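Look at the structure first, then read on.

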Amino acid sequence: MKKTLLLFFVCILSSQIFAQSDDYKSIITVSSFAPFRDQRYNVGYMRKISERWWIGAEVGYGSEGITPFNHNDFKGKFNMLEIRPEVFYSLNPDSRLKHLISAEVFYLNHKGDNVNGNYYDENNNYYSFSSADYKRTKAGVNINYSIMLHKESSWFGFMPKIGFGIRQSDISYSNVVNREERYEPTDGLPFQFLLNKEGSKLGFNFNIDIKLIFKF
């Protein structure tokens, strides 16, 4: 899977060098934040369907050891898959800088098999464990603002993106072995996202990224 994704990206990137970008209708996007923040690689495709409207989708994949950092609250094998369909509206299609408003829905499935670490149960009790199966799902919707920073004659550029929305997350642990109650840690960041807190939660979602874009 890892080699297939890498080969696909290299082929797409190579084709962009020779593409005529003056009249581009397609864009490949690569998230520069996801490998460091989200432990996955996110690659997307955007297609122009009129002067003001674009459609697109993004797919993300992650697993243990595939990205530079490990932010999980457990150790062991895991994999995650994310999909994000999106519709874009250009505010000023004749401008060199394209300002886009978009709406996206997203779904993420994150699983860990035979992992070990620590977690909070639904009553905020804190435990350590030697082995468990982990599952996290997240679904929601965002409203985003993006701006394309590029030259019309270039096949490459950047697309900063920021958005807000709502999301529903569900986290569960099963087949827990050697569970022991512990004191809650006190050295965590004040804005830390608790990806090890069991239960279902509806909440606010914040989306920020800088995409690398490849036009053709």
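Gly 140 lies in strand E6, which spans residues 126-150. Strands (E, at least two residues) and helices (H or I, at least four) are DSSP runs, numbered from the N terminus. This is a predicted model, where local features need pLDDT of at least 70, side-chain atom pairs count only at pLDDT 80 or more, and totals for chains, interfaces and linings use all residues. Residues are numbered from 1 along each chain as its sequence is written, and side-chain values use heavy atoms, with hydrogens and water left out.

Gly 140 counts as buried. Buried means under 20% relative accessible area, exposed over 50%, and partly exposed in between (1.4 Å probe, protein chains only). Not counting residues up to four places away in sequence, Gly 140 touches Glu 104, Val 105, Phe 106, Ile 166 and Arg 167. Contact means heavy atoms within 4.5 Å. Phe 204 is 64 residues from Gly 140 along the chain, and their C-alpha atoms are 9.5 Å apart.

Ser 146 is also in strand E6. Its contacts, leaving aside neighbours within four places in sequence, are Lys 98, His 99, Leu 100, Met 159, Pro 160 and Lys 161.

Thr 67 sits in a loop, between strand E3 (53-63) and strand E4 (74-90). With neighbours within four places in sequence left aside, Thr 67 contacts Pro 35, Gln 39, Arg 40 and Tyr 41.

The table lists the accessibility values.

| Residue | Relative accessible area | Class |
|---|---|---|
| Thr 67 | 12% | buried |
| Gly 140 | 18% | buried |
| Ser 146 | 0% | buried |
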